[in-house]
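Open the model in your viewer and keep the sequence beside it. We will go from the whole chain to single residues.

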Amino acid sequence: MSAAGLLQLETPTKADGGDDPTPDESMEESQDDLAVIHAVLEMGTGDEDMVEPEDLTERERGERIIDVLIPPCEWQDEQGVNWIQRVSRAPPSRTAVIQLWEQLDLKIQEQQARTKGICAIRRALYRECYDELIRQVTLDCPERGLLLSRVRDEASMTVSAFQCLFQSASEFGATKAIQSESGKWELEGELSQLEDGVAGLEAEVRRLEAWKRQVAQRWEERREVQMALFTEELECLERSEKQYQVLIETLLASRNS
């Protein structure tokens with residue numbers, strides 16, 4: 001029996017044609033749970049003397065069903081030998097439950113799992129602990145173990161759905177962030193162009209204002225010159241008028257005399 005993890009496992013054995021048949025994984029998907037139980041109970045063990053399902057004890061029924069709830073691990077070593085490791089058939093006890101509790105707390109501390117929030121390490125440890133509880137319960141009552149397995153699978157599907165939702169939301173957020181960044185660069189480029197345009201227009205305004213001042217100054221200078229000419233011409237006409245007036249008065253006076 002392996003004690004490396006929370007789930008108790010038997011010693012690995014070589015897999016050959018004489019081993020107990022392994023339940024088909026598609027059985028859980030194609031049939032309902034009670035049908036799975038009866039199908040497993042009716043599976044042959046390779047012995048000539050077949051045991052009827054009704055003659056099995058709760059313990060024997062649990063040992064047959066437990067491989068459906070917690071499938072055995074199979075692998076091939078470097079020499080090409082196939083190995084299989086099933087979950088332990090050791091009967092549950094109060095001491096085993098207390099030891100499982102202590103091992104769970106110890107592994108949480110050793111692996112530095114977070115006690116709050118999302119933590120993959122803590123989730124894996126609690127799943128392994130739950131599988132061990134399913135193993136212990138199934139050996140006493142297979143139907144109860146199957147119900148716990150359904151609860152486990154439902155919780156796993158719920159977590160997987162939330163993970164998919166989180167991943168989709170993250171991808172959507174990342175896409176929107178990229179779009180906003182690209183739009184930001186476009187807006188910054190447009191803003192830079194507008195700022196350049198404003199700077200050009202301001203320069204044009206300054207040029208036109210300088211030209212306006214120059215034109216106003218030239219017109220002022222020309223007006224002053226013309227006013228000076230007009231004033232001089234007016235003074236000349238006034239002197240001529242006075243001279244003509246004196247001349248007229250002189251002529252009139254000589255005629256009267």
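Helices here are DSSP runs of at least four residues marked H or I, and strands are runs of at least two marked E, numbered from the N terminus. Keep in mind that this is a predicted model.

**Stop 1: the whole protein.** Switch to cartoon view. You will find six helices and three strands. Now trace the chain from its start. The order reads β-α-α-α-β-β-α-α-α.

**Stop 2: the surface.** The accessible surface comes to about 19400 Å². Carbon and sulfur atoms account for 56% of that area. How much of the protein is buried? Of its 257 residues, 21% are.

Stop 3: Select C73, then C119. Which is buried and which is partly exposed? C73 has 42% relative accessibility, so it counts as partly exposed. The cut-offs matter here: buried means under 20%, and partly exposed lies between that and 50%. C119 has a relative accessible area of 9%, so it is buried. A disulfide is a covalent bond between the sulfur atoms of two cysteines. The structure holds zero disulfides.

**Stop 4: a nonpolar patch.** Select Y244, L247, I248, L251 and L252. Together they form a nonpolar patch on the surface. Where does I248 sit? Its place is in helix α6, which covers residues 142-256. Color that helix to finish the tour.

Conventions
Residues numbered from 1 in each chain as written. Predicted model: local features only at pLDDT ≥ 70, side-chain atom pairs only at ≥ 80, totals over all residues. Heavy atoms only, no water. Buried < 20%, exposed > 50% of the residue type's maximum accessible area, 1.4 Å probe, protein only. Areas by Shrake-Rupley, 256 points an atom, 1.4 Å probe, with all protein chains shown as cover. Disulfide = S-S within 2.5 Å. Patch = residues over 30% accessible without salt bridge, like charges linked within 9 Å, V, L, I, M, F, W, Y side chains within 5 Å. Salt bridge = Lys/Arg side-chain N within 4 Å of Asp/Glu carboxyl O.
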